[in-house]
Amino acid sequence: MGDHFLEEYFAKAKQKQQEHKKFLDKLKKKPPKNLDQKMEEIHEDVFNRVDCLSCANCCKTTGPLFTQKDIERLAHVFRIKPSQFIDKYLRIDEDNDYVLQQLPCPFLDNENYCLVYEDRPKACREYPHTDRKKFYQINHLTLKNTLICPATYEVVEQMQKEIKI
């Protein structure tokens, strides 16, 4: 997946924003009883087809929030104090959260591998949150993520086909 693919995908995702928003809003108002199970199936199916390593757009364009546990775990990995980890890699954003000082993520290598994968932040582990329970509660985030993550876009597209509301 090169830059050309991402540009095409981004254009498609932008074009579908209103349609996706309408669908997700309807889903939030009246979530089907089996939604969590259905979402798990759709998430699995999409992630069996989409290779995150061929894209890594999330790591290149958005940064995760770092919890205190994330900071302590990664500081331990680098054998430095948590305060040194913060000084070297993080800043406090407008919501008073620790986030990366710069993008792309400094832990992403040239082949889109995460250098701290086993110890990555909780936000990275959970991204793009399409397998989360009570999925309909994060529609605003999902809509935003369709513009970042091709897999999220595919999940919403598949939801529209498979979930009747």
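Helices and strands are DSSP runs, numbered from the N terminus. In the predicted model, the loop between α7 and α8 (139-146) contains R132. With a relative accessibility of 37%, R132 counts as partly exposed, because that class lies between the limits of 20% for buried and 50% for exposed residues. Leaving aside residues up to four places away in sequence, R132 touches D36, Q137 and I138.

The domain assignment divides the chain into domain 1, made up of 35-50 and 136-164, and domain 2, which spans 63-126. A distance of 26 Å separates the C-alpha centres of domain 1 and domain 2.

Helix α5 comprises residues 68-78, and its buried residues are D70, I71, L74 and A75. Viewed down the axis of α5, these buried residues fall within an arc of 125° and therefore line one face of the helix. In general, an α-helix has 3.6 residues a turn, so residues three or four places apart point the same way. The exposed residues K69 and H76 are carried on the face of α5 turned away from its buried side. The cover over the buried residues of α5 includes two helices, α6 (82-89) and α7 (122-126), together with the strands β1 (90-92) and β2 (98-100). Just after α5, R79 adopts a positive phi of about 55°.

Conventions: Residues numbered from 1 in each chain as written. Predicted model: local features only at pLDDT ≥ 70, side-chain atom pairs only at ≥ 80, totals over all residues. Heavy atoms only, no water. Domains from an automatic or database assignment. Buried < 20%, exposed > 50% of the residue type's maximum accessible area, 1.4 Å probe, protein only. Helix = DSSP H or I, 4+ residues; strand = E, 2+ residues; numbered from the N terminus. Arc of directions from axis to C-beta. Contact = heavy atoms within 4.5 Å.
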